[in-house]
Amino acid sequence: MRIVVVLVSLAMVAGIVAVAVPAVASAQPGSPGSPGRPIPEQLAQLRPQVAPTPPPPADRDKQEGTGGWMAALFWVVALGSVGGSIFVITRRNLIAAVMGMVATFFAVAAVYMMLYASFLAVIQVLVYAGAIMVLFVFVVMILNKPEDEPWGLVGIPGKILAGLAMLYLMFRLTQTLWGVKPPDQALAAPRPVPVVVGVTQDPETGQRRLDTERRDWGSTAAVGTNLFDDYLFPFEAVSILLLVGVVGGGAIARPLKDDESGESDPEVTA
Amino acid sequence: MTGLLLDIGYGHFLVLAAVLFAIGVGGVLLRRNALIVMMSIELMLNAANMTIVTFARMHGDLGGHSLALIVIAVAAAEVAVGLAIVVAVFRGRRHVDIDRLNTLRY
């Protein structure tokens with residue numbers, strides 16, 4: 001039964017990769033993006049008026065960022081994340097697995113910092129290593145029952161098949177992603193981007209205008225300006241999703257009433 | 001070889017994300033405990049996020065950061081509902097072994 005599942009998933013992965021590889025290979029680099037939706041006249045006046053960007057210092061990142069220490073940091077972080085994630089899928093003890101997960105999340109946060117995504121790194125630590133892992137620890141404590149059998153897939157052949165599927169997926173993903181060519185100037189440190197810091201009204205004409213400043217790429221202000229400008233609707237949709245998640249989680253995890261079901265265990269529901 | 005070790009480019013980050021994703025897939029395939037399976041799913045979401053952030057840096061597009069933030073929020077909602085389901089299943093059946101959870105009703 002499990003072997004069938006593995007075979008089906010293997011076939012699906014192969015199909016996805018087969019579709020994805022030509023798509024990546026044939027993607028035209030540097031094709032001009034669509035101009036986006038037309039902006040109404042009033043909104044266009046509200047759009048930030050930004051001075052032309054100063055030319056970036058040539059290859060600043062090469063001088064400041066990468067090099068021996070950056071490489072050492074990357075390999076430490078890569079070892080930590082891969083080791084932590086292997087820890088997660090091999091440990092019999094659930095708390096040990098959760099701790100491996102926390103190590104992985106911190107390593108991923110470090111990777112975000114190396115990619116100039118400082119806001120996301122902080123969010124990663126707060127939300128994943130903080131909130132989500134605490135939730136996992138709570139559920140592990142509620143269950144409070146060691147695992148019967150650490151491995152699924154009855155028998156050695158199933159394990160070997162799943163391992164092969166995993167290695168094949170790793171190989172194809174690596175092959176695909178290693179071939180991605182970054183655009184020119186991608187190695188230079190990102191320039192500061194304009195962010196909205198306020199609204200001023202012209203006392204004579206009454207027109208309102210957004211005040212902008214330049215802040216670091218990937219900082220909270222920059223991500224916030226992008227999120228509330230271009231991605232406002234997904235943001236609002238996510239707020240509804242979180243509301244549904246909270247209500248649904250509470251409703252599902254609520255103890256069953258004793259008069260409705262004889263299966264409810266007072267020891268567990270208490 | 002020394003260049004591969006010392007010149008950290010975008011390929012390194014992308015391959016790291018690919019390895020993490022594959023390990024997550026292995027966890028889903030190999031483990032039977034529902035909690036470990038959920039953690040492996042989190043691992044895969046993280047790997048996908050890392051890819052998004054790398055591409056955002058590569059193209060200098062902050063939209064990738066907004067997308068990653070939204071993925072994190074969706075993952076949080078998924079964990080809340082998923083763990084509630086795990087707790088509810090454990091109440092009824094006293095185990096969370098996904099090989100034995102092969103019916104929709106109990």
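A salt bridge is taken here as a side-chain nitrogen of Lys or Arg within 4 Å of a carboxyl oxygen of Asp or Glu. The model is predicted, so local features need pLDDT of at least 70 and side-chain atom pairs count only at pLDDT 80 or more, whereas totals for chains, interfaces and linings use all residues. Residues are numbered from 1 along each chain as its sequence is written, chains are lettered from A in the order in which they are written, and side-chain values use heavy atoms, with hydrogens and water left out.

Over all chains, the structure holds two salt bridges. In chain A, Glu213(A) pairs with Arg215(A), and their closest N and O atoms are 3.0 Å apart. Glu213(A) is partly exposed at 38% relative accessible area, and Arg215(A) is partly exposed at 33%; buried means under 20%, exposed over 50% and partly exposed in between, with a 1.4 Å probe and protein chains only. The other salt bridge joins Arg32(B) to Asp97(B), with the closest N and O atoms 2.4 Å apart. Arg32(B) lies in the loop between helix H2 (10-30) and helix H3 (34-59) of chain B, and Asp97(B) in the segment after H4 of chain B, so the pair ties together parts that are 65 residues apart in sequence. Arg32(B) is buried, with a relative accessible area of 15%, and Asp97(B) is buried at 7%. Helices (H or I, at least four residues) and strands (E, at least two) are DSSP runs numbered from the N terminus.

Chain A gives 96 residues and chain B 77 residues to the contact between them, contact being heavy atoms within 4.5 Å. About 7,800 Å² is buried between the two chains, and carbon and sulfur atoms give 77% of that area. Buried area is the accessible area (1.4 Å probe) that two parts lose on being put together, summed over both. Leu115(A), Phe136(A) and Trp217(A) supply 9% of the area that chain A buries against chain B, more than any other three residues. Across this interface the rule finds zero salt bridges.

The elements giving two or more residues to the side of chain A that touches chain B include helix H1 (2-26), helix H4 (68-90) and helix H6 (118-143) of chain A. H6(A) provides the largest share, 13 residues. By class, the residues on this side are 68 nonpolar, 16 polar and 12 charged; Ala, Val, Leu, Ile, Met, Phe, Trp, Tyr, Cys and Pro count as nonpolar, Asp, Glu, Lys and Arg as charged, and the others, Gly among them, as polar.

Ser81(A) is found in helix H4 of chain A and is buried, with a relative accessible area of 1%. Not counting residues up to four places away in sequence, Ser81(A) touches Thr104(A), Ala107(A), Leu16(B) and Leu20(B).

A nonpolar core is a set of buried Ala, Val, Leu, Ile, Met, Phe, Trp, Tyr and Cys residues joined through side-chain atoms within 4.5 Å. The largest nonpolar core has 80 residues, and those touching the most other members include Tyr112(A), Phe136(A), Leu35(B) and Val86(B). Leaving aside neighbours within four places in sequence, the contacts of Phe136(A) include Val98(A), Leu35(B), Met38(B) and Leu83(B). Another core, of five residues, lies apart from the largest one, and among its members are Leu177(A), Leu14(B), Ala18(B) and Met58(B).
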